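Biologist: Please show me the model, and then I will ask about it.

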Amino acid sequence: LRVAVKPIPVLCLIAWLMPLAGRDVRLIALGLALSLVGDVCLELSPSLFVPGLVAFLLAHVAYVVAYVGRTRALHLARLVPVALYGLLAFRWLEPSLGAMKGPVVAYVVVICAMMWRAWAQIGERPHAPRLAWAAALGATSFAISDTMVAYNRFVGSSLALKLALMVLYWGAQWAIAASAERR
């Protein structure tokens, strides 16, 4: 039942984007679809954690490409808090990662790139400031929820943590979908 129900919100977001056109929307929809694959992998079996991780990593790459298409402005000062978050999250999880250190480092780098590129849009999209803020808040919520997933997987599990991470995850996906260019 969980495998059938968990992807429903993401499927609804993909359906919400379908009437829209453009490369930006296609990339966001691709990220959502890859996230859906990741969701299913994580629900089906603990042995599918790595394929799920790869699916989510590719989703973040799709979001990064969409965000770079919106602005190429670097805003390196915005990279500093994002990199600090990534470093602290990794250091917090590192003692429990074992053989997963390499894959988790790669994942942290990609999700931090997504956050940075989302925050780089603030002030660069004067025609759509709310869309830029939606991307930034969605990317940040996604990073926090993914950190909670990692904690849940590698350090310790709790029902409260699982509920909080799902609320953050679904809110993140909604905000990222809401950030898509409306043409």
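Predicted model: local features only at pLDDT ≥ 70, side-chain atom pairs only at ≥ 80, totals over all residues.

Modeller: Residues are numbered from 1 along each chain as its sequence is written, and side-chain values use heavy atoms, with hydrogens and water left out.

Biologist: How many helices and strands does the chain have?

Modeller: Helices (H or I, at least four residues) and strands (E, at least two) are DSSP runs, numbered from the N terminus. From that end, the elements run α-α-α-α-α-α-α-α. The count is 8 helices and 0 strands.

Biologist: Which helix gives the most to the lining of the largest pocket?

Modeller: A pocket is an open set of points on a 1 Å grid over the protein atoms alone, where a 1.4 Å probe fits, with protein on both sides within 12 Å along at least five of seven lines; lining residues have an atom within 4 Å of a point. The lining has 40 residues, and Lys6, Leu42, Val149, Asn152 and Leu165 lie nearest the centre. Among the helices that each supply at least two residues are helix H3 (23–44) and helix H7 (129–154). With 10 residues, the one that gives the most is H7.

Biologist: Is His75 buried, partly exposed or exposed?

Modeller: His75 lies in the loop between helix H4 (49–70) and helix H5 (76–93). Buried means under 20% relative accessible area and exposed over 50%, with partly exposed in between (1.4 Å probe, protein chains only). His75 has 26% relative accessibility, so it counts as partly exposed.
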